[in-house]
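Here is a short note to go with the model. Please read the points alongside the coordinates.

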Amino acid sequence: MKKGLILISILSVAALTSCVTIRQGEVGVKRKLGKLDNQVKYSGVHGFNPFTSTIIKVPVRTINLPLALENVPSKEGLNITAEMAVLYRILPEAAPKVLTTIGEKYEDVLLISVFRSSAADVCARFYAKDMYTGQREEIEKEITAEMHKILEPRGIIIENVLLKSIVLPRGLAESIEQKLEAEQSAQQMDFVLQKEKKEAERKVIEAKGISDAQKIINEGLTPQLIEYKSIEAFKQLSASPNTKVIVTDGKTPLMISPQSKE
């Protein structure tokens, strides 16, 4: 009888107590009788009374939220369609504030609306071709800054906004592609011209160097130097064991090699 009462007591306590596991990358916020607790519960096992309380899990890791933009006006008034993504996270200590002021559907209630407004405001300051070329990184940074300014005080951190793809009006896209091809061709031609110019400068420098060297040699060839070099040549020829015929006027040697008989 006593064992039965003990078992019933244990089951009653177990029924009145429940557990929840908070994993890494999320926090828990306890709601008791409709009121949120400001104390954040971090990873681990936490118990609560299921009849009066519940624990709401809030992800605090980086979340990739894909979003599409349609009919976004550019600076020249063209409508742009783009696929983008927002990388954001919730500050762990701000989770109770986010749930209290925004609610569990914070993406739909606030984040998406802020994104669309910020993207439209930033894109309206750029030409459509800027979104298609090198200015897209600047556009991403400005949208990120606009969103961060609004959402950071609410406990949501915007890490980055990524412009994944963009669809321009057909005629504009073709003209931009043609312009880019023309610019690339012009850059290639500039490169070739610069290369040819450098080669021409090199040849001029080389020719000047040869000319200067010849000038120095000619200026240094005095009669005394030529006579001295001739004497050295006679000495070298006389010391050679090979048969040779030397014709000279006494100043400049001219060596004639004997021809072999066939």
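1. What percentage of the 262 residues in the protein is buried? Buried residues make up 27%; buried means under 20% relative accessible area, exposed over 50% and partly exposed in between, with a 1.4 Å probe and protein chains only.

2. On provenance: this is a predicted model, where local features need pLDDT of at least 70 and side-chain atom pairs count only at pLDDT 80 or more, while totals for chains, interfaces and linings use all residues. Residues are numbered from 1 along each chain as its sequence is written, and side-chain values use heavy atoms, without hydrogens or water.

3. The protein has 7 helices and 10 strands. These are DSSP runs numbered from the N terminus: helices are H or I with at least four residues, strands E with at least two.

4. Helices α3 (residues 106-123) and α5 (residues 136-151) have axes that come within 9 Å and cross at roughly 135°. Axes are lines fitted to C-alpha atoms over the stretch in contact, with angles from 0 to 180 degrees between N-to-C directions. That angle makes α3 oblique to α5; under 35 degrees counts as roughly parallel, over 145 as roughly antiparallel, 65 to 115 as roughly perpendicular and the rest as oblique.

5. N38 lies in strand β3 (residues 35-41). N38 counts as exposed because its relative accessibility is 66%.
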